[in-house]
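Here is my notebook from an afternoon of looking around one protein model. Keep the structure open beside you and follow along.

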Amino acid sequence: MKFIIFSLFLHAFIFIFDYTFDRNPKFQIDESGTNLTIDKVSMNFSYQNQEVAPKVEEVITESVEKSIKQEIVKDKIVKEEKKTDYSKQIQNKDNKNKDNKNSKNETKKLNSDFIELSKGIYAAKNQGVKGLKYSFIAQPEPEYPLMAKRLSYSKEVFVKVRFLVDFQGNIEEIKFYGQNDKLGFQEEVKKALCNWKLTPITVNNKPIKLYFYKEFKFNKK
């Protein structure tokens with residue numbers, strides 16, 4: 001700011017000096033060419049300074065005030081934006097914590113009635129689990145093996161099996177318990193299970209994969 005005021009005063013000084021110097025002749029030579037008269041050059045700076053300085057100071061003051069006002073407005077806008085962003089961050093954090101808390105509570109409740117064998121895959125502790133929902137769309141029974149019929153095998157046969165129902169209600173990961181039979185009972189069970197179809201299994205509206213344990217009984221007809 002000091003540099004601006006100094007520059008303005010310097011320009012005013014040069015302007016006044018040129019104007020005054022042109023109106024007062026520097027010297028006169030008489031007709032004889034011998035006498036040289038130099039008029040006194042006079043300049044009155046006090047009047048010019050009184051006219052220019054207040055205007056310059058007024059312009060500078062207005063410019064400074066305008067700049068200060070603009071900076072104040074910018075600071076207010078920035079502070080409001082920061083305040084809004086901070087409020088959003090707090091709200092998002094609260095929502096996230098709430099969701100995590102609800103998720104933990106649901107998992108805790110789920111784990112009380114189920115055994116988690118792997119991530120997202122469960123086995124029910126009993127048949128009457130609260131909140132467990134599913135239904136069978138297709139559930140064909142296994143046929144009596146042809147090989148056993150040909151050999152006139154007439155004994156009762158029990159086949160224990162575990163199978164997993166995925167999120168779409170399809171059967172996968174079929175596992176048999178006991179020795180492999182040579183008459184085809186396990187194979188018939190596997191064929192039947194591959195044609196089973198369930199609705200997606202949910203517990204308290206949460207979809208899960210669930211293991212089922214079942215014992216199939218074969219009687220020769």
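**Salt bridges**

I started with Lys209 and Glu172, whose side chains meet in a salt bridge, 3.9 Å from N to O. My rule for the term: a side-chain nitrogen of Lys or Arg lies within 4 Å of a carboxyl oxygen of Asp or Glu. Lys209 lies in strand β12 and Glu172 in strand β8 (residues 171-177), so this pair ties together parts that are 37 residues apart in sequence. Helices (H or I, at least four residues) and strands (E, at least two) are DSSP runs, numbered from the N terminus.

A note on what I am looking at: this is a predicted model, where local features need pLDDT of at least 70 and side-chain atom pairs count only at pLDDT 80 or more, while totals for chains, interfaces and linings use all residues. Residues are numbered from 1 along each chain as its sequence is written, and side-chain values use heavy atoms, with hydrogens and water left out.

I then looked up how exposed Glu172 is, and with 27% relative accessibility it counts as partly exposed. The scale I use is relative accessible area: buried is under 20%, exposed is over 50%, and partly exposed is in between (1.4 Å probe, protein chains only).

How many salt bridges does the structure hold? I found three. One of them joins Lys217 to Glu156, with the closest N and O atoms 3.1 Å apart. Lys217 is in strand β12 (residues 209-218) and Glu156 is in the loop between α3 (146-150) and β7 (157-165), so the pair ties together parts that are 61 residues apart in sequence. Glu156 is partly exposed, at 44% relative accessible area.

Lys191 also forms a salt bridge with Glu188, and here the closest N and O atoms are 3.8 Å apart. Both belong to helix α4 (residues 185-194), three residues apart, which puts about one helical turn between them. Lys191 is partly exposed at 46% relative accessibility, whereas Glu188 is buried at 15%.

Next I visited Asp166, in the loop between β7 and β8.

I checked what else the side chain of Asp166 reaches, and found the backbone nitrogen of Gln168 at 3.0 Å. The backbone nitrogen of Asn170 lies 2.8 Å from a polar atom of that Asp166 side chain. A polar contact is a pair of N or O atoms within 3.5 Å; within protein, one must be able to donate a hydrogen and the other to accept it, and residues adjacent in sequence count only if both atoms are side-chain atoms.

**Strands side by side**

Back to β12, to see which strands pair with it. Two strands pair if DSSP finds at least two bridges between them. β7 and β12 pair in the antiparallel sense over nine bridges, and Leu164 has Tyr211 as its bridge partner in β12. Strand β4 (residues 121-124) pairs with β12 in the parallel sense over three bridges. Here Ile121 has Lys209 as its bridge partner.

I also found an open sheet of three strands, in the order β5-β10-β11 with antiparallel pairing. Its edge strands, β5 (132-133) and β11 (206-207), each pair on one side only.

**Rings**

How many aromatic pairs does a search of the whole structure find? The search gives ten. Among them, Tyr134 and Phe212 are edge-to-face, 5.2 Å centre to centre with 85° between the planes. The rule: rings of Phe, Tyr and Trp (its six-membered ring) pair if their centres lie within 6.5 Å; planes under 30 degrees apart are stacked, over 60 edge-to-face, and the rest tilted. Tyr134 is partly exposed at 31% relative accessibility, while Phe212 is buried at 13%.

My last stop was Arg162, which lies over the face of Tyr211, at 4.2 Å from the ring centre. A charge sits over a ring if NZ of Lys or CZ of Arg is within 6 Å of the ring centre and within 35 degrees of the ring normal. The charged end of Lys214 sits over the ring of Phe216, 5.2 Å from its centre.
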